[in-house]
Amino acid sequence: MPNVRFSDVIDSGADDVWTVLRKFGELAKWHPAIADSSIEDGSQDGTPGIVRKLTLQDGATMTERLLSIDDGNRALSYKFEEAPLPLDNYVLKVSVTPLTGQKRSFIDWEASFDLRESDPTKQYESLMADLIASGSKALGEHLLSSAKR
């Protein structure tokens, strides 16, 4: 089972980072790979079990289910329900920790998944790592631009 981990420091307070991250249905507002995102069935955003539908920039669609959300620890996890990738059991966990005495945050992303076929070049690990890293960078940029408004 491949495991991808990425950590980052974002120049925004942990509460500000968490406020954006916990809005599960609003991923398209800040992730560059996502053209559109919405919560299915009119469910309330932030409730474990809800499903978000994502439309990628290339037009492909996927769905993800929120598994857990912990406001006290600023952490959430979700899994792929349907994705245009040869992956099974994809679960991502993300947590945000304040850096003491600073208006900065440590963010930790971890994804694990099973591959349906052999991947000797680890292209899917690289793809997932790139998506997480680009998303983390974009999240930081989104927060900085929002703070300037």
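Q: What makes R52 count as lying over the face of F24?
A: In this predicted model, R52 stands at 3.8 Å from the ring centre of F24. A charge sits over a ring if NZ of Lys or CZ of Arg is within 6 Å of the ring centre and within 35 degrees of the ring normal. R52 also lies over the face of Y78, at 4.7 Å from that ring centre.

Q: Why is the pair of F80 and Y90 called stacked?
A: The ring centres are 3.8 Å apart and the planes meet at 10°, so the pair is stacked. Rings of Phe, Tyr and Trp (its six-membered ring) pair if their centres lie within 6.5 Å, and planes under 30 degrees apart count as stacked, over 60 as edge-to-face and the rest as tilted. F80 belongs to strand β5 and Y90 to strand β6, so the pair ties together parts ten residues apart in sequence; strands (E, at least two residues) are DSSP runs, numbered from the N terminus.

Q: Are F80 and Y90 buried or exposed?
A: Both are buried, a term for under 20% relative accessible area, with exposed over 50% and partly exposed in between (1.4 Å probe, protein chains only).

Q: What links F113 to F80 and Y90?
A: Ring pairs join these three residues into a cluster.

Key: Residues are numbered from 1 along each chain as its sequence is written. This is a predicted model: local features need pLDDT of at least 70, side-chain atom pairs count only at pLDDT 80 or more; totals for chains, interfaces and linings use all residues. Side-chain values use heavy atoms; hydrogens and water are left out. Helices (H or I, at least four residues) and strands (E, at least two) are DSSP runs, numbered from the N terminus.
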